[in-house]
Amino acid sequence: MEKLSGLSHLFMTIFLHNFSSFMVSPAITDVTMSALCPGRDECSLAIYLTGFQQAIIGLGTLVMMPLVGNLSDKYGRKTLLTVPMILTILPLGVLAYSRERNFFYMYYVLKTLTAMVCEGSVHCLALAYVADNVTEGRRASAFGVLSGIGSSAFVCGTLSARFLSTSSTFQVATSVAVVAAVYMRVFLPDSVVGHGLTASLISKEKPDLTKPDGESTRNGTQLFKSMPSLEDMVSLLKTSSTFSQAAIVAFFSNLADFGLHGSMMYYLKARFHFNKDQFADLMVISGIAGTISQLFLMPALVPALGEEKLLSVGLLFSCAHMFLYSIAWSVWVPYVAAMFSILFFLSHPCMRSIVSKQVGSCEQGMAQGCISGICSFANVVSPLAFSPLTALFLSDQAPFNFPGFSIMCIGFASMIAFIQSMRIRAAPPMLFHRGSNCDNAEV
């Protein structure tokens with residue numbers, strides 16, 4: 001752990017950002033239901049609006065994630081981190097002021113628009129930042145620590161929400177989001193990922209790209225021509241079979257995760273009449289299990305099992321987690337299912353570490369952005385497939401009595417990811433290079 005002390009400011013930035021984001025998670029279902037269907041425990045409108053929002057956000061991030069990753073390779077991780085961290089503040093501020101119906105719709109629109117840039121981009125850029133500064137041998141453990149920091153923020157945020165009123169929850173979350181953005185700008189040092197660029201994206205100068213013969217150009221068109229394209233990403237998928245297999249795992253794993261996220265709370269509210277405090281309890285159990293696994297188990301298990309096997313183990317536990325939710329016959333079953341987080345949270349950092357080893361040091365942003373874009377596409381497909389199914393089986397018009405049927409279908413998507421993960425084998429690292437020079441600092 002002491003070898004990662006050079007990343008302490010990044011870890012604090014991620015902790016504060018995730019704390020503010022996760023703090024509102026237990027409350028947002030009750031806020032949505034109160035605004036759209038006051039006094040009811042089942043609301044198809046809320047499920048459809050949440051699914052529609054997920055799909056729109058997914059379409060936006062599908063385009064934005066690779067672009068954000070590519071731009072961070074050119075302009076630095078810190079510059080690109082500034083944008084989503086500031087935009088995150090806006091929708092939180094609306095609900096901190098009021099949660100009445102009109103303000104909820106204002107939040108809904110702002111959240112949809114800002115999340116097209118913010119959703120996943122902070123984590124994507126943080127992964128690229130870690131890859132810039134950590135050697136390959138320690139990268140899986142570093143990714144695990146980063147995810148563990150996120151899980152600990154998840155625990156602290158949801159635990160805080162457990163003891164705060166709904167209005168105070170959004171006010172504190174907004175304040176912490178502001179602190180996170182300021183802290184990042186003041187304390188986080190930038191990563192140096194290349195030499196070709198001599199002007200900052202946020203400066204008043206136009207970008208100055210240095211050509212091999214010493215000449216430079218200030219032509220904006222030349223800048224975008226020099227950026228990685230869709231063809232680069234397709235080439236990456238074709239060049240590395242390991243990368244393409246990881247991309248398939250990422251798609252089905254996130255298809256399941258996003259489906260569960262969009263359905264589980266409405267399912268538990270309709271099935272067991274869960275409220276904000278019970279959602280918070282469930283999230284705290286899951287977060288504590290995830291934190292323990294990522295901070296303590298992962299450094300020990302990666303050398304013993306390898307990233308590929310650990311990825312499969314994590315996805316197997318993810319399947320079990322979802323199937324348990326789907327057949328919950330007692331209010332206690334969801335709490336038991338949440339404890340399976342102790343291993344299924346390991347799959348994501350393992351997958352990201354496998355991906356990072358398939359590219360050179362100058363393509364980390366592009367590679368992580370490509371995977372995040374694939375995850376975003378899963379975010380588009382997931383609500384289209386599972387939101388109508390959830391609404392149907394929670395309504396009186398269900399063809400048969402199985403409220404958790406949609407979550408069982410989500411579990412099958414996770415099973416596909418597990419089966420695909422078993423085909424991944426360790427491959428020679430850094431198969432893909434775009435041929436640029438860059439120097440990376442090692443912590």
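Glycine 306, whose phi is positive, near 90°, follows helix H13; helices here are DSSP runs of H or I with at least four residues, and strands are runs of E with at least two, numbered from the N terminus. The model is predicted, so local features need pLDDT of at least 70 and side-chain atom pairs count only at pLDDT 80 or more, while totals for chains, interfaces and linings use all residues. Residues are numbered from 1 along each chain as its sequence is written, and side-chain values use heavy atoms, with hydrogens and water left out.

Helix H13 covers residues 276–305 and has a kink of about 55° at leucine 297, shortly before proline 299; the bend at a residue is the angle between axes fitted to the seven residues ending there and the seven starting there.

| Residue | Relative accessible area |
|---|---|
| Glutamine 54 | 11%, buried |
| Glycine 150 | 8%, buried |

Glutamine 54 belongs to helix H3 (residues 44–75), and, leaving aside neighbours within four places in sequence, glutamine 54 is in contact (heavy atoms within 4.5 Å) with Phe258, His261, Gly262, Asn379 and Pro383. Although glycine 150 and threonine 291 are 141 residues apart in sequence, their C-alpha atoms are 8.0 Å apart in space.

Technical notes. Buried means under 20% relative accessible area, exposed over 50%, partly exposed in between (1.4 Å probe, protein chains only).
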